[in-house]
Amino acid sequence: QALHQACQAAMPSVRVAIAVFAALVAPATAFGMHGGAHSGIVARRAIAAKPAVCMEDAAEAPAEAKKAPAKAPAPPVEAKKKYRPSSFGVNPRVYKDRKRNLYNRYYKSTQATAVKKLRQAVDQDDVSEAKRLFSQAVSVIDKNVKRGIIHRNKAARNKSKWAKRVQGIKSA
């Protein structure tokens, strides 16, 4: 009560100082803490962060003043840039990704070459050569599906397309 009376009589800046002094003297349980080594430090920080106001002053303050001010909207987040270290040892995942990319490019190129040779044979209407190259192309396509380089539906689409074209040569 003595603190409250002193708070009423004093000026606002002195009120804050009295409240801080009371927090330093008051037990930690007043702030919902259970004692311990750091409870006094936490209590001091709580008072320092939020200056005390007399009970009657708080009652007189309108409801709008009690509300915290609205936070400003956060600035838009920029898209993350891809992290590419200068040396492979920095990030092993980068090394694995690049290595896998080289393998994938090699196998896709092999498939494209097999299909290109098949296309040339079909354009020249060479039945025996087209059948042989079709078998090789299907083999390469199936291996790439097994490796996970192309999707099985794309492989089925390509095999069906080239099978129809090779069959078209025979009937012509």
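Predicted model: local features only at pLDDT ≥ 70, side-chain atom pairs only at ≥ 80, totals over all residues.

Colleague: Is Asn 158 buried or exposed, and on what grounds?

Modeller: The call rests on relative accessible area, where buried means under 20%. Asn 158 counts as buried because its relative accessibility is 16%. Leaving aside residues up to four places away in sequence, Asn 158 touches Gln 111 and Ile 141.

Colleague: How should I read a pocket, and which residues line the second largest pocket here?

Modeller: The general idea is that rolling a probe the size of a water molecule over the atoms shows where empty space is left. In this model the second largest pocket has a volume of about 150 Å³, and its lining includes Asn 158 and Gln 111, together with Lys 108, Ala 112, Val 115, Arg 119, Ile 150, Lys 154, Lys 161 and Trp 162. Two elements, helix H6 (92–123) and helix H8 (152–171), each give two or more residues to that lining, and H6 provides the largest share, with five residues.

Colleague: Turning to the rings, how many aromatic pairs does a search of the whole structure find?

Modeller: Such a search finds one aromatic pair, formed by Tyr 106 and Tyr 107, whose ring centres are 5.2 Å apart and whose planes make an angle of 65°. The pair is classed as edge-to-face because that class takes planes over 60 degrees apart. As for accessibility, Tyr 106 is exposed, at 53%, whereas Tyr 107 is partly exposed, at 21%.

Colleague: Which residue lies over the face of Tyr 107?

Modeller: That residue is Arg 147, at 3.7 Å from the ring centre of Tyr 107. A further case involves Trp 162, one of the residues that line the second largest pocket: Arg 165 lies over the face of Trp 162, at 4.8 Å from the ring centre.

Colleague: What does the backbone show at Asp 125?

Modeller: Phi of Asp 125 is near 55°, which is a positive value in a residue other than glycine. Asp 125 is found in the loop between H6 and helix H7 (127–147), and with a relative accessible area of 55% Asp 125 is exposed, because the cut-off for that class is over 50%.

How values were computed: Residues numbered from 1 in each chain as written. Heavy atoms only, no water. 1 Å grid on protein atoms, 1.4 Å probe; cavity = no way out; pocket = protein on both sides within 12 Å on 5 of 7 lines; lining within 4 Å. Points joined across faces, edges and corners; volume = space filled by probe spheres on them. Helix = DSSP H or I, 4+ residues; strand = E, 2+ residues; numbered from the N terminus. Phe/Tyr/Trp six-rings, centres within 6.5 Å; stacked < 30°, edge-to-face > 60°. Buried < 20%, exposed > 50% of the residue type's maximum accessible area, 1.4 Å probe, protein only. Lys NZ or Arg CZ within 6 Å of the ring centre and 35° of its normal. Contact = heavy atoms within 4.5 Å.
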